Amino acid sequence: MFAKDRKQGKRGLNIIIVGCGKVGASLTEQLYKEGHDITLVDRSESRLRSLTDMYDVMGIVGNGASYKVQVEAGIDKADLMIAVTDSDELNLLCCTVAKRVGDCAAIARVRTPDYSDEVSYLKEKLGLAMIINPEMEAANEIARVLSLPAALGVNSFAHGQAEMIRFKIPEGNRLNGQKIMTLGRNISGDILICAIEREKQVFIPDGNFKLQQGDVVSFISTVKAAKNFFERIGIENRPVHNTMIVGGGKAAYYLAKQLLEMGIAVKIIENRRERCEELSVLLPNATIINGDGTDEEILREEEIAYVDSLVPLTGIDEENILLSLHAREVSDAKVITKVNRNSFHNLIDKLDLGSVIYPKYITAEAIIAYVRAKQASMDSNVETLYHMFDSRAEAIEFRVSAKSDVTDVPLKDLALKDNLLIACINRSGKMIIPGGMDSIQTGDTVVVVTTHTGFQNLEDILK
């Protein structure tokens, strides 16, 4: 066991994380920052050592599904078990043992399509709080971006009724030099600009903020309003009719299935013949090519120069990055790059990779949203959470289930913290881009964008 002195202060949850891979490390970093007591379990002593040396957490070498190991990790006092090893079966077994031995909630990472089709059954029968599938969540996000190709990223709120959309202001665009207040409804329509990144600084803008070319802008709206906005500011949003996917793993399967349902033609290049045969059965309407998708000649034969979009989904980040750079060089395709690792983040940001998707962040955000909701009062819970601009800002969706100091008061009269914006109110399915006279009401869900971190309750927005 690696043990350290516990931090003193506001009580967080007692959390056991089994699995210290990319997702486990990302969860440890964020949950540690938010003041939770964390115990890590992994068979690899070196993995554990790297995290316990970095953070004030406990580490236990062993099998996380073992009753003895869970008792040593303090399962009897745990509030939450999170199992994110590379094995679906081990994750489910860890959670099953935890539910029998302790009185805690349990979250399992499950990636296999067979299990993913049975999520509701598994959650109910095993009593799990959440089953999270990184590959499926990544596929969902990629599909959202392909439905709005002008965007760099698209995150969903209010069960898909509102989207947080990120794009870069091109050189010479009409937004360059304009103050947000002067855009007027003839340009901005039903959107609200929420956050801007400029030269590694993040701003929550007011009406006097002046936009510049090169700014990365996040705004909230419906998909229809976003398409109208891009048209008005002269950014082409060319529909995607076909997609080339390189790599035939789980994420490729989930993505292809979605795209085919959207009416988008799909071609998958996969170098394992056995997997190609499986995909041909699973996806009869897709074109499956057995070949090396990193081979320039094969890409040319499969007409990479003419595809509407390219999504490299190999298991190797370097290959995905090189494929994206090659596609940007030889075609006008919308390119989406999947990156798994944390390292070289700043270098990746400088490359012209189009949209970049980090599955481990998607997984961690869903789990952290659950943790905050569990820690918060029952009056207003975190529904959805997205980290923005390398975790320097957050977009948080709260459900308002009871009256409080923030309800039934015009927004202009609320003493809100600085660097914070109430971006959207969802009221019975109607999306409201709020003005000063609007108010938050019981039953609403509310999206807040802020550079503060760790909000658990909607009342945290007040000074």
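**Burial, Salt Bridges and Cysteines: Reasoning from the Cut-offs**

Trainee: Why does Cys-95 count as buried?

Mentor: Its relative accessibility is 0%, and buried means under 20%; Cys-95 therefore counts as buried. Please bear in mind that this is a predicted model.

Trainee: How do you know that the sulfur of Cys-95 is too far from the closest cysteine sulfur for a bond?

Mentor: The closest cysteine sulfur, in Cys-94, is 6.6 Å away, whereas a disulfide requires the two sulfur atoms to be within 2.5 Å. The structure holds 0 disulfides.

Trainee: What makes Cys-94 buried or exposed?

Mentor: Its relative accessibility is 0%. The limit for buried is under 20%, so Cys-94 counts as buried.

Trainee: Why is Val-57 called buried?

Mentor: Val-57 has a relative accessible area of 1%, and that value falls under the 20% limit; the residue is therefore buried. Val-57 belongs to the loop between α2 (45-54) and β3 (58-61). Its C-alpha is 5.4 Å from that of Ile-38, although 19 residues separate the two in sequence.

Trainee: Why does Asn-14 count as partly exposed?

Mentor: Its relative accessibility is 25%. Buried requires under 20% and exposed requires over 50%, so Asn-14 counts as partly exposed. Asn-14 is found in strand β1 (residues 14-18). Between Asn-14 and His-241 there are 48 Å in space, C-alpha to C-alpha, and 227 residues in sequence.

Trainee: What makes Arg-198 and Asp-215 a salt bridge?

Mentor: Their side chains meet at 2.7 Å, N to O, and the cut-off is 4 Å; the pair therefore qualifies as a salt bridge. Arg-198 lies in strand β9 (residues 192-198) and Asp-215 in the loop between β10 (201-203) and β11 (216-221), so parts 17 residues apart in sequence are tied together. Both Arg-198 and Asp-215 are buried.

Trainee: How do you know that Arg-238 and Glu-236 meet in a salt bridge?

Mentor: The N to O distance is 3.9 Å. The rule asks for a nitrogen and a carboxyl oxygen within 4 Å, so this pair counts as a salt bridge. Arg-238, at 36%, is partly exposed. Glu-236, at 63%, passes the limit of over 50% and is therefore exposed.

Trainee: What makes Arg-399 and Glu-383 a salt bridge?

Mentor: The closest N and O atoms are 3.4 Å apart, which is within the 4 Å cut-off, so the term applies. Arg-399 sits in strand β19 (residues 393-400) and Glu-383 in strand β18 (residues 380-388), so the pair links parts that are 16 residues apart in sequence. Arg-399 has a relative accessible area of 32% and is partly exposed; Glu-383, with 34%, is partly exposed.

Trainee: Which residues do salt bridges that share partners join into one network?

Mentor: They are Asp-86, Arg-109, Arg-111 and Glu-135. By the distance rule, the structure has a count of 19 salt bridges.

Trainee: Why does Asp-292 count as partly exposed?

Mentor: Its relative accessibility is 35%. That value lies between the buried limit of under 20% and the exposed limit of over 50%, so Asp-292 counts as partly exposed. Asp-292 is located in the loop between β14 (287-290) and α12 (296-301).

Trainee: What makes the surface patch that includes Asp-292 negative in charge?

Mentor: The patch gathers Asp-292, Asp-295, Glu-296 and Glu-301. Asp and Glu count as negative, so the patch is one of negative charge.

Technical notes. Residues numbered from 1 in each chain as written. Predicted model: local features only at pLDDT ≥ 70, side-chain atom pairs only at ≥ 80, totals over all residues. Heavy atoms only, no water. Patch = residues over 30% accessible without salt bridge, like charges linked within 9 Å, V, L, I, M, F, W, Y side chains within 5 Å. Areas by Shrake-Rupley, 256 points an atom, 1.4 Å probe, with all protein chains shown as cover. Charge placed at Lys NZ, Arg CZ, Asp CG, Glu CD. Helix = DSSP H or I, 4+ residues; strand = E, 2+ residues; numbered from the N terminus. Buried < 20%, exposed > 50% of the residue type's maximum accessible area, 1.4 Å probe, protein only.
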